[in-house]
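Subject: Structure for you to look at

Hello,

I am passing on the structure we talked about. Please open it first; my notes on what was found follow below.

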Amino acid sequence: MKHVFLIASIIFIVQNSNAQINGGRYMGASGVGGNFEIQNNDGRMIPIGVQEDTKGSPLLLAQWVKGTVLLKNGVRFNDTALNYSLYEDKLYFKRLNRFYIVEGAISEFYLANSNEPTDSSLLHFVAGYPAIKITNGTHFFQILADGSRYQLLKWAHKKIREEYTYGGRTETAYIHQEAYCVFEKNSRKKFEVSNKPNVTAIKNTLSIDESIWKAYLQNKIGSNKTEAAMIELINYINK
């Protein structure tokens, strides 16, 4: 399939510090995640990837959602059909089943996590954190918890992996990866914590005092190996 690239400009119509996206770089037949086509007969988006039958999707969300984007030049705009490619680490918007990269240097963006979003249901992504061995300063991190001292960050990514079946053909699939980090605001240092939810990993990484750790555990309910527990601990030590 030939790669088709249509270059168009993003025109921002700014009113009350908000704007609507009207253009961008069309990815079409070569689209999101390297390859991403229009809907099939069932209305399902077809992820193509390296091969046309690559399993899964390169996108963060199953649906295109409302969101807000902030550029480094101060421009802020809203749109009703945004999605984030974890394969490319790029933000896309959709127009008439065509997919366009949001052009410009993005500092942060918000995506709705439901059809009726509230402030608490928004997914918040920010770029510009210090590089670590798996990311650089341009990668986006989701802020899971934020306070006066620490932020709990989540980096998510998708890669394409070949899957072999004995006697069958080789298939490809999008594989999800993630890592959790803690960002210390005063020193502007970012610490790798774990690649799975783990409260104890935060304690060990930050060398939390035993008295604070015991006080936290006294009122804690549930498993230590959940994202919710990690958020709870960061919120606790930020108090």
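At 28% relative accessibility, N97 counts as partly exposed, a label for values between buried (under 20% relative accessible area) and exposed (over 50%), taken with a 1.4 Å probe and the protein chains only. N97 lies in the loop between β7 (90–95) and β8 (98–101). Its phi is near 65 degrees, a positive value in a residue other than glycine. S207 also has a positive phi, of about 50 degrees, although it is not a glycine. S207 is found between α1 (199–206) and α2 (210–218), in the loop, and counts as exposed because its relative accessibility is 59%.

Some notes on reading these values. The model is predicted, so local features need pLDDT of at least 70 and side-chain atom pairs count only at pLDDT 80 or more, while totals for chains, interfaces and linings use all residues. Residues are numbered from 1 along each chain as its sequence is written, and side-chain values use heavy atoms, with hydrogens and water left out.

**The chain as a whole**

The protein chain has three helices and 14 strands; these are DSSP runs numbered from the N terminus, with helices (H or I) of at least four residues and strands (E) of at least two. Of its 239 residues, 44% count as buried. Among contacts (heavy atoms within 4.5 Å) with a separation of 6 or more, 50% join residues 24 or more positions apart.

**Strand β5 and its neighbours**

Six of the seven residues of β5 are buried. The strand pairs with β6 in the antiparallel sense over five bridges, and with β9 also in the antiparallel sense over five bridges; two strands pair if DSSP finds at least two bridges between them. The hairpin of β5 and β6 has four residues between the strands, and G74 there takes a positive phi near 95 degrees.

G67 sits in β5 (residues 65–71) and counts as buried, because its relative accessibility is 10%. Its bridge partner in β6 is D79. On the β9 side, T68 stands opposite Y110. The C-alpha atoms of G67 and Y110 are separated by 5.2 Å, although the two residues are 43 residues apart along the chain. Not counting residues up to four places away in sequence, G67 touches F77, N78, D79, L82, Y110 and L111.

**Two nonpolar cores**

A nonpolar core here is a set of buried Ala, Val, Leu, Ile, Met, Phe, Trp, Tyr and Cys residues joined through side-chain atoms within 4.5 Å. The largest has 22 residues, and V69, Y84, L91, I106, F109 and L111 have the most contacts inside it. At least two residues each come from β5, β6 (76–85), β7, β9 (106–112) and β10 (122–126). β9 gives the most, with four residues. Another core, of 19 residues, lies apart from it, and includes A145, Y180, A201 and I234.

**Helices α1 and α3**

Two packed helices are described by the angle and the distance between their axes. The axes of α1 and α3 (residues 227–238) come within 8 Å and cross at roughly 40 degrees; axes are lines fitted to C-alpha atoms, for helices over the stretch in contact, with angles from 0 to 180 degrees between N-to-C directions. V199, I202, K203 and L206 in α1 meet A229, M230, L233, I234 and I237 in α3. The residues of this contact divide into eight nonpolar, no polar and one charged.

Regards

Key:
Ala, Val, Leu, Ile, Met, Phe, Trp, Tyr, Cys and Pro count as nonpolar, Asp, Glu, Lys and Arg as charged, and the others, Gly among them, as polar.
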